[in-house]
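Please look through the structure shown here with the report beside it, taking each residue in turn as the text comes to it.

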Amino acid sequence: METYWRWEQDPALLVGYGRQQPEALEARMEGIAHQLRGDNIRFTVYDLTGDTPVPAGVTTLLPDPSVRTAEYVVMLAPEARGKGLGTAATHLTLDYAFHITNLRMVWLKVLAPNKAGVRAYEKAGFHPAGTLREAGYWLGKVCDELIMDALAADFTGPSAILPLMR
């Protein structure tokens, strides 16, 4: 828990989420306990480039079962960024969402100035779906928030799950 909390306090992550202040460890522990009781689907992202796997982030699906969709959230440790882990983890999470959870659509919000995030999401299979004008803050300035989505019908793989089913 303290590792995840440390990642969330990173200034780049605070800016990327449009938050203006860090969160106390105690408050975060209460929040994560609430989240873990819910129906969300969480995966720990591991960096496999060294001799031993190292936790490097978390991906989360927040499903709405009544319409078979989910919101997607990803968080990477500062030291894990820029290595392609976010794109790979996002792609694997979509693979799971579409082939195991049987979701038909996954969506996310990203601040428009977060160009690296937008590129990573596009590489993983997300497409622009709309804009919430002036809905966020980036480095103290108002900015747009982009909505992106990925459809099961458009997910072309490669799939890590489908070969396991043969």
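## A report on selected residues

At 19% relative accessibility, Thr 87 counts as buried, because buried is taken to mean under 20% relative accessible area. The model discussed here is a predicted one. Thr 87 belongs to helix H4, and, leaving aside its neighbours within four places in sequence, Thr 87 is in contact with Ala 120, Lys 123 and Ala 124.

**The nonpolar core and its rings**

The largest nonpolar core has 18 residues, and of these Tyr 72, Val 106, Tyr 121 and Phe 126 touch the most other members. The elements that contribute two or more residues to this core are S3, H4, strand S4 (105-111), helix H5 (115-124) and S6. What does Tyr 72 touch, not counting residues up to four places away in sequence? The list for Tyr 72 includes Thr 59, Thr 60 and Leu 61, as well as Ala 89, Thr 90 and Thr 93, and it also includes Val 106, Trp 107, Leu 108, Tyr 121 and Phe 126. Ring pairs join Tyr 72, Tyr 121 and Phe 126 into a cluster.

A count of aromatic pairs in the model comes to five. In one of them, the rings of Phe 43 and Tyr 96 have their centres 4.9 Å apart and their planes at 75°, so the pair is edge-to-face. This pair links distant parts of the chain, since Phe 43 is in strand S1 and Tyr 96 in helix H4, 53 residues apart. Phe 43 counts as partly exposed, at 27% relative accessibility, and Tyr 96 likewise counts as partly exposed, at 28%.

**A salt bridge**

How many salt bridges does a search of the whole structure find? The search finds one, in which the side chains of Asp 47 and Lys 83 meet at 3.2 Å, N to O. Asp 47 lies in strand S1 (residues 41-47) and Lys 83 in the loop between S3 and helix H4 (85-99), so the pair ties together parts that are 36 residues apart in sequence. Side chains of opposite charge can pair when their charged atoms come close. Asp 47 is buried, with a relative accessible area of 10%.

**Positive phi angles and a surface patch**

Most residues other than glycine have a negative phi. Arg 68, however, has a phi near 55°, a positive value in a residue other than glycine, and Glu 134 has a positive phi as well, near 50°. Arg 68 is placed in the loop between strand S2 (54-64) and strand S3 (69-76), whereas Glu 134 is found in strand S5 (residues 127-138).

| Residue | Relative accessible area | Class |
|---|---|---|
| Arg 68 | Arg 68: 43% | partly exposed |
| Glu 134 | Glu 134: 62% | exposed |
| Leu 164 | Leu 164: 66% | exposed |

Leu 164 has its place in the segment after strand S6 (141-151). Together with Ile 100 and Met 165, Leu 164 makes a nonpolar surface patch of about 340 Å².

Terms used
Residues are numbered from 1 along each chain as its sequence is written. This is a predicted model: local features need pLDDT of at least 70, side-chain atom pairs count only at pLDDT 80 or more; totals for chains, interfaces and linings use all residues. Side-chain values use heavy atoms; hydrogens and water are left out. Helices (H or I, at least four residues) and strands (E, at least two) are DSSP runs, numbered from the N terminus. Buried means under 20% relative accessible area, exposed over 50%, partly exposed in between (1.4 Å probe, protein chains only). A salt bridge is a side-chain nitrogen of Lys or Arg within 4 Å of a carboxyl oxygen of Asp or Glu. Patches are made of residues with over 30% relative accessible area and no salt bridge: like charges are joined within 9 Å, nonpolar side chains (Val, Leu, Ile, Met, Phe, Trp, Tyr) within 5 Å. Accessible areas come from the Shrake-Rupley method with a 1.4 Å probe; for residues, only the protein chains shown count as cover. Rings of Phe, Tyr and Trp (its six-membered ring) pair if their centres lie within 6.5 Å; planes under 30 degrees apart count as stacked, over 60 as edge-to-face and the rest as tilted. A nonpolar core is a set of buried Ala, Val, Leu, Ile, Met, Phe, Trp, Tyr and Cys residues joined through side-chain atoms within 4.5 Å. Contact means heavy atoms within 4.5 Å.
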